[in-house]
Amino acid sequence: MRITFTLILSLMTSFLYAQNQENRTETDSSFVIASKPAAVYSRTYKDGKPFSGFFKTVLSGLNLYLVDEYENGQARYQYSKSGLEEGAEGGKNFLETRSVYKDGKIIDGPEYFKLEGGLTVKDWKQGELEHFTVDLFALNYYNRIILEKKADTILIRNLEDTVSNIKIYYKDQCLTTEMSVSGKPLFYNQQITFNMDKLPANSRIIGMKKDGVTYYNASKNIELTVEPLHVHKINTKLFFSLFLPKTTDLNLVFQHLGDSFSKEEALLAIYKSGAVKETAEVLTYLQTDTQGKVISGINWTAGSSPYYEIYNKGKLSKKEPKTLAAFQPVFTKYMQDQP
């Protein structure tokens, strides 16, 4: 009987302890919120989840403190310090910037995403993404990529390379990406509607299929530069890794870029070419002449009897039935055989 009573008492004690842990109040004095100064801040959990007060998150390796303020189980504000280095006041982190939550998402102020080897900071204003930065970190290396939308153009630049930039805009109702060096266009890429009888002149036509959507782009090497491309390696890698959505709304393109740079995959494309597993399937790789006629390349055509064609010196040199999946190794071998 005594053993049974002791067991019940132990179980009750464990239950009450667990319940207290699920519904507990804690205090923190390691930070000061500029707009709400206090010596100590408290936070309360309900059912093990943040309920009210101030909840701290530390982004390791960046010395960056984020404090979320909750009311009745809902995040209302996030407090942080502008820039990468946190200021200190009396040994405490002094948080001077406030972001506003709505329905669990930040709609006004900075939003932080810690990535392996980087940090993305999005700046929101009334639910619209105004601009964002991507800080890159490596051994003895730092750089910042700045992406901003100005009127009808998205501008991409970085601190390491002050003479080149990337612009995304609409030309002839087609989404266009252009990289320039010292104000002179170097690379040019434009989404097109694919028509073998009406292709852009002096262009490389590339077709891809990703997530069930087909994309065709016409690209050009406009201006040869005497500077080696490794001087502009970040923007060059960015230019060739951008996979933009098919839309006529530049705001959606900017939002897409913001989502992309909030994930590790975007930084892998910068740090290590080929590190990202390509999920797109190749459809087309053609070169056109001054009249828009195909000079060389390879093209896959869908239909009830899908096939691919190879062009050489302006003439069709091979045609063979092939499914899209079976065409992928054919394309790889074709590219490997090119001089």
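This is a predicted model: local features need pLDDT of at least 70, side-chain atom pairs count only at pLDDT 80 or more; totals for chains, interfaces and linings use all residues.
## Overall make-up

The chain contains 5 helices and 23 strands. Of its 339 residues, 39% count as buried. Among contacts between residues at least 6 apart in sequence, 43% join residues at least 24 apart.

## Strands 5, 6 and 9

Strand 5 (64-71) and strand 6 (74-80) run antiparallel and are joined by 5 bridges. Within this pairing, Tyr70 stands opposite Ala75 of strand 6. The two strands form a hairpin with 2 residues between them, in which Asn72 takes a positive phi near 50°.

Strand 6 also pairs with strand 9, again in an antiparallel arrangement, through 4 bridges. Here the bridge partner of Tyr79 is Arg98, a residue of strand 9.

## Strands 10, 11 and 12

Strand 11 (118-125) pairs with strand 10 and with strand 12. Its link to strand 10 (105-115) is antiparallel and consists of 7 bridges. In this pairing, Lys114 has Leu119 of strand 11 as its bridge partner. The hairpin of strand 10 and strand 11 has 2 residues between the strands, and Gly117 in the turn has a positive phi of about 85°.

On the pairing with strand 12 (residues 128-138), 8 bridges are found, and the strands run antiparallel. Lys122 stands opposite Phe132 of strand 12. This hairpin likewise has 2 residues between its strands, and Gln126 takes a positive phi near 50°.

## Salt bridges

Side chains of opposite charge can pair when their charged atoms come close. The whole structure holds 13 salt bridges. One of them joins the side chains of Lys56 and Asp28, with an N to O distance of 3.2 Å. Because Lys56 belongs to strand 4 and Asp28 to strand 1 (residues 25-28), the pair ties together parts that are 28 residues apart in sequence. Lys56 counts as partly exposed, at 32% relative accessibility, whereas Asp28 is buried, with a relative accessible area of 8%. Both residues also belong to a network of salt bridges that links Arg24, Glu26, Asp28, Arg43 and Lys56.

A salt bridge is also formed by Lys36 and Glu69, whose closest N and O atoms are 2.8 Å apart. This pair links distant parts of the chain, 33 residues apart: Lys36 is in the loop between strand 2 (31-33) and strand 3 (41-46), and Glu69 is in strand 5. Lys36 is partly exposed at 33% relative accessibility, while Glu69 is buried with a relative accessible area of 7%. In the salt bridge of Lys81 with Glu96, the closest N and O atoms are 3.5 Å apart. Lys81 lies in the loop between strand 6 and strand 7 (88-89), and Glu96 in the loop between strand 8 (92-95) and strand 9 (97-102), 15 residues apart. In this pair the lysine, Lys81, is buried with a relative accessible area of 17%, and Glu96 is partly exposed with a relative accessible area of 44%.

## The second largest pocket

About 310 Å³ of space lies in the second largest pocket. Its lining is made up of 18 residues, of which Lys105, Ile106, Glu111, Phe113 and Trp124 are the closest to the centre. The elements that give two or more residues to this lining are strand 4 (49-59), strand 5, strand 10, strand 11 and helix 3 (250-260).

Strand 10 provides the largest share of the lining, with 6 residues. By residue class, the lining divides into 8 nonpolar, 5 polar and 5 charged residues.

How values were computed. Residues are numbered from 1 along each chain as its sequence is written. Side-chain values use heavy atoms; hydrogens and water are left out. On a 1 Å grid over the protein atoms alone, a cavity is a set of points where a 1.4 Å probe fits but cannot get out, and a pocket is an open set with protein on both sides within 12 Å along at least five of seven lines; lining residues have an atom within 4 Å of a point. Grid points are joined across faces, edges and corners, and a volume is the space filled by probe spheres set on the points. Ala, Val, Leu, Ile, Met, Phe, Trp, Tyr, Cys and Pro count as nonpolar, Asp, Glu, Lys and Arg as charged, and the others, Gly among them, as polar. Two strands pair if DSSP finds at least two bridges between them. A salt bridge is a side-chain nitrogen of Lys or Arg within 4 Å of a carboxyl oxygen of Asp or Glu. Buried means under 20% relative accessible area, exposed over 50%, partly exposed in between (1.4 Å probe, protein chains only). Contact means heavy atoms within 4.5 Å.
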